[in-house]
Amino acid sequence: MGKAESRKYMVTGGAGYVGSVVARHLLEAGHEVTVLDNLSTGFREGVPAGADFVEGDIRDAAKWLDASFDAVLHFAAFSQVGESVVKPEKYWDNNVGGTMALLAAMRAAGVRKLVFSSTAATYGEPVSTPITETDPTAPTSPYGASKLAVDHMITGEAKAHGLAAVSLRYFNVAGAYGDCGERHDPESHLIPLVLQVAQGRREAISVYGDDYPTPDGTCVRDYIHVADLAEAHLLAVEAARPAEHLICNLGNGNGFSVREVIETVRKVTGHPIPEVVAPRRGGDPAVLVASAATARERLGWNPSRADLAGIVADAWEFAQARQQEK
């Protein structure tokens, strides 16, 4: 099979964790990439070498978007669930208002293909496990609600204006790819938080609830390696069809508990990880596991990095490299 034809893509939010890894995968596949990011949560050093970088807001995407682009891959969103509860207006303004402006810019420029970074938070409390795309959507936070609103917006855009669109609803993304990894500030994801304990940057890891109806009493989550996630985006660009909005869950279809993650970090790093049981957090379902059957069938996606120890090892290598840089 010959090399795929080179195309030109805009990656909004491409200085963030997932966006930067997707941008790198696009470059490695031989495509041209322009990263648009206002650096409010992203990092300039996260933009992969070889990408054109524009520091700007998605509301102003029309300044840089033109007919030479084949597609937009959209990651520019605020994503802190807790913050969204106390500052919902921030999430409606950026996630929804910003995407509305981006869709208008795409329409005006004649760019008719979009891959959107959605989330499992659109489902809220699951009614069944594993979660499928036909399950009810009932977000429990303004963050999840803002992402669901964008999904509805994209569905209307596809029907009315022929947009070819795919929304990818992630479960728990983890791991690292080269020098692209998690560097959130503040950090809220479990694996990098546990790794901070291993590095001596945090005294203990908080376990929010140990009385859930799960085998060890702690929450169970579906972890997906960020490189597998990135590969799904490249497949989604190819799978997008005019006037259709395809929604796919991305996960491994199996879950690991909070205590299983902590134990895996102990084994990978060789460090004791003290843990402190804290009260449950509101809105935390006991189990969140994806059915990725639609992604397999429609995108041809088969994640190959489902081993939790491997995911943690990649994240640990990245975390160690970052600590040495400081």
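How much of the chain over residues 10-243 is helix, and how much is strand? Over that stretch, 35% is helix and 18% is strand, and the end C-alpha atoms sit 20 Å apart. Helices (H or I, at least four residues) and strands (E, at least two) are DSSP runs, numbered from the N terminus.

This is a predicted model, where local features need pLDDT of at least 70, side-chain atom pairs count only at pLDDT 80 or more, and totals for chains, interfaces and linings use all residues. Residues are numbered from 1 along each chain as its sequence is written, and side-chain values use heavy atoms, leaving out hydrogens and water.

**View 1. Tyr91 meets Tyr143.** The ring centres are 6.5 Å apart and the planes are at 80 degrees, so this pair is edge-to-face. (Rings of Phe, Tyr and Trp, the last by its six-membered ring, pair if their centres lie within 6.5 Å; planes under 30 degrees apart are stacked, over 60 edge-to-face, the rest tilted.) Tyr91 belongs to helix H3 (residues 88-109) and Tyr143 to helix H4 (residues 142-161), so the pair ties together parts 52 residues apart in sequence.

**View 2. Tyr91 and Tyr143 are buried.** Tyr91 has a relative accessible area of 0%, and Tyr143 has 9%. Buried means under 20%, exposed over 50%, partly exposed in between (1.4 Å probe, protein chains only).

View 3. Lys90 lies over the face of Phe78, 4.4 Å from the ring centre. (For a charge over a ring, NZ of Lys or CZ of Arg must be within 6 Å of the ring centre and within 35 degrees of the ring normal.)

**View 4. Arg183 sits over Phe43.** Here the charged end of Arg183 is 5.8 Å from the centre of the Phe43 ring.
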